[in-house]
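Me: Could you help me learn to read a protein model, one feature at a time?
Reply: Gladly; let us look at it together.

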Amino acid sequence: MAAAPPAFTGNLKKALAGLRRINLDGLRWRVFDAKGQVLGRLASHIATVLQGKDKPTYAPHVENGDMCIVLNAKDISVTGRKMTDKIYYWHTGYIGHLKERRLKDQMEKDPTEVIRKAVLRMLPRNRLRDDRDRKLRIFSGNEHPFHDRPLEPFVMPPRQVREMRPRARRALIRAQKKEQANKAKEEEDVKKAKAEVTA
């Protein structure tokens, strides 16, 4: 007997908002696990599924994307120094009220909004954008209220690491040779010091 799924303890009203406005007939329910995934790479795959670009029936003027459930939004990762350097800006409408918030602070406040912004900014700005936004359900943990649906886990493709560029490779080789030369010099100095002590 299968174990019962954990009960959803979050905001159920927010999680189910707008579902009545979506025609769920024939839609697949794709589940993305954001744990350890790079933000931009995950968002690009979600945007592709939301637009239905992974289907042979894709047309840019027709909304035939699938439902996307994103779990573990709080465990998303970013490359480089984006956690402290990336800034979200918005304006309140009052003079001089340009607000800003760093990615680190936004992750503490609401990590689901980070993924939502990344995905929505990859979608075309047209009339279908609001419908696609309704099909995106993001949760900070691994609990969600859609266990009664036929869920399909989305398997992220392996990350392709680009080969090092020639200039960077040469710089790396030079650095390694320099480090080896320094080690050899240190060993010679140690040998000379020992020889002087014994003499």
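Me: Are tryptophan 29 and phenylalanine 146 buried or exposed?
Reply: Buried means under 20% relative accessible area, exposed over 50%, and partly exposed in between (1.4 Å probe, protein chains only). Here both tryptophan 29 and phenylalanine 146 are buried. Keep in mind that this is a predicted model, where local features need pLDDT of at least 70, side-chain atom pairs count only at pLDDT 80 or more, and totals for chains, interfaces and linings use all residues. Residues are numbered from 1 along each chain as its sequence is written, and side-chain values use heavy atoms, leaving out hydrogens and water.

Me: How many aromatic pairs does the structure hold?
Reply: A pair of aromatic rings is described by the distance of the centres and the angle of the planes. Rings of Phe, Tyr and Trp (its six-membered ring) pair if their centres lie within 6.5 Å; planes under 30 degrees apart count as stacked, over 60 as edge-to-face and the rest as tilted. This structure holds 3 such pairs. For tryptophan 29 and phenylalanine 146, the ring centres are 5.2 Å apart and the planes are at 45°, so the pair is tilted. Tryptophan 29 belongs to strand β1 and phenylalanine 146 to the loop between β5 and β6, so their pair ties together parts 117 residues apart in sequence. Trp29, Phe139 and Phe146 form one aromatic cluster.

Me: In what order do the strands of the sheet come?
Reply: Helices (H or I, at least four residues) and strands (E, at least two) are DSSP runs, numbered from the N terminus. Two strands pair if DSSP finds at least two bridges between them. Here 4 strands make an open sheet, ordered β5-β2-β1-β6, with parallel pairing. β5 (136-138) and β6 (151-153) are at the edges with a single partner strand each, so one side of each has no neighbour in the sheet. Strands β1 (residues 29-33) and β2 (residues 67-71) pair over 5 bridges, and tryptophan 29 stands opposite methionine 67 in β2.

Me: Which residues have the most contacts inside the largest nonpolar core?
Reply: In soluble globular proteins, nonpolar side chains tend to be buried together. A nonpolar core is a set of buried Ala, Val, Leu, Ile, Met, Phe, Trp, Tyr and Cys residues joined through side-chain atoms within 4.5 Å. The largest one here has 26 residues, and those with the most contacts inside it are Phe32, Ile46, Val70, Ile115, Val119 and Leu136. Helix α2 gives the most to this core, with 7 residues. A second, separate core of 11 residues includes Ala15, Leu19, Ile69 and Phe146.
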